[in-house]
Amino acid sequence: MSRVSTSAAVASPEERYRTTRAATLLAGVVNLLLATTQIFTGWLFQSQALIADGAHTLSDLISDSVVLFAAGKASASPDRDHPYGHGRIETLATIVVGLLLALAALGIGWTAGQRLLAWETLTGPAPPALIFAAVALVAKEGLYQYHVRAARRIQSALLHANAWHHRTDAISSVVVFIGIGGAVVGWPWLDAVAALVVALFILHMAWQLMFRSAAELIDTALEPEQVDVIQQAIDSVPGVKDAHMLRTRKLGNEAAADVHIQVAPRISVSEGHQIADEVYRAIRDSMGTLRDVTVHVDPENDEEQLRSVGLPLRPAVTAHIRQAWEGLPELALIEQVALHYLGGRVHVTLTLRLEDDTSGTELNQRAAELAELVHAHPGLEGQLGEVLIVFRARTRNAQTVSQSAPE
């Protein structure tokens, strides 16, 4: 099994935190100034809508605090308790922002409904209130534009959620502007009707944010198009006969994937590992947001592989060979024992050192006799598959090999 973890290729955790912190602090300062101005001018010019919008702006300070806290925690490096990093903190905070949006929408809707039920008693504000409503609208739309650009640059769902929070605030300010304007010209009910429409829009946005984040918390897979890109990257690697059990999940703005690949059953461990490494690199190159990729190597399909469960491991097999060949000179000539677990049986290839000029016919006959001794020896009935005996002659450049029995 080959497993490698890396940080996101798009933006480092430190860069993400710096960008999110700068954007959030700016929003906090602007919202504090706006809320103070809106509440004061609303009281001064007798505009209940402006006062309500000021109170709504104050709620943004809570949202900004949540974003700043989550961004700081999410930027922390993986540790013992959180080996996959802390990206999910952003996901959880996005849900909190969504809840704040939903509460704000319900508050706006409730207030608008109450005003519609008693619209005869509504009084219009002073015309200068329109100026401050326009100032609030421009400031909040400016915050949205700044935040959404930063969110796209660092690919932050949390910052994008907060950007939409500022956009809904701007729409609320549009409602306030229309409401104040309507009240000034004699249509006080226009504010309440527009407020209800905007409240429904905000509620819809809050639902989308919470739904997507909740799906991420329960390890929802990446989009089908993204999974197809990963699958194509795997299939492009030479040596991969098949790929299955490809699983993906989101980790904040990043993702993780694991897959089983089938390779030729009798290749070496190092070659299988090399193929797995190439699969890892191909997947990482196909999608830079993948934080963690795990590649599991299979020598055969899963249905066949399940039949190999419970077969004896190397110590039991080599002990069986030693017992079967006890007293024979070939026992000391074993150079290598290769085991292949395929089709529900363990297949054995024994490489023996050839020390004389025995003919090929005699070697074939002796190999058959030695293999039969291994098969006939009691203990591994029904578990042994093919037993192949290979003789290798000494060469001038051959390295000296220990003549001890197999371990």
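Predicted model: local features only at pLDDT ≥ 70, side-chain atom pairs only at ≥ 80, totals over all residues.
Which residues does Gln 38 touch, not counting residues up to four places away in sequence?

View 1. Residues are numbered from 1 along each chain as its sequence is written, and side-chain values use heavy atoms, with hydrogens and water left out. Gln 38 is found in helix H1 (residues 13-44), where helices (H or I, at least four residues) and strands (E, at least two) are DSSP runs, numbered from the N terminus. Gln 38 touches Leu 50, Ile 51, Asp 53, Gly 54, Thr 57, Ala 136 and Lys 140, a contact being heavy atoms within 4.5 Å. With a relative accessible area of 2%, Gln 38 is buried (buried means under 20% relative accessible area, exposed over 50%, and partly exposed in between, with a 1.4 Å probe and protein chains only).

**View 2. The salt bridge between Glu 141 and Arg 167.** A salt bridge is a side-chain nitrogen of Lys or Arg within 4 Å of a carboxyl oxygen of Asp or Glu, and the structure holds 7 of them. In the pair of Glu 141 and Arg 167, the closest N and O atoms are 2.9 Å apart. The pair links distant parts of the chain, since Glu 141 belongs to helix H4 (residues 129-154) and Arg 167 to helix H5 (residues 157-185), 26 residues apart. Glu 141 counts as partly exposed because its relative accessibility is 24%.

**View 3. The salt bridge between Arg 247 and Asp 258.** Here, too, the closest N and O atoms are 2.9 Å apart. Arg 247 lies in strand S2 (residues 242-251) and Asp 258 in strand S3 (residues 254-262), so this pair ties together parts that are 11 residues apart in sequence. Asp 258, at 21% relative accessibility, counts as partly exposed.

View 4. Arg 281 counts as partly exposed at 37% relative accessibility, and Glu 278 counts as partly exposed at 33%.

**View 5. Helix H7 passing helix H8.** The axes of H7 (residues 224-235) and H8 come within 8 Å and cross at roughly 145 degrees; axes are lines fitted to C-alpha atoms, for helices over the stretch in contact, and angles run from 0 to 180 degrees between N-to-C directions. Val 229, Ile 230, Ala 233 and Ile 234 in H7 meet Val 279, Ala 282, Ile 283 and Ser 286 in H8. Among the buried residues of H8 are Val 279, Ala 282 and Ile 283.

**View 6. The whole protein.** The protein has 11 helices and 7 strands, and of its 407 residues, 43% count as buried. Among the contacts in the protein with a separation of 6 or more, 73% come from residues 24 or more positions apart.

Notes
Left-handed = near helix turned anticlockwise from the far one by under 90°.
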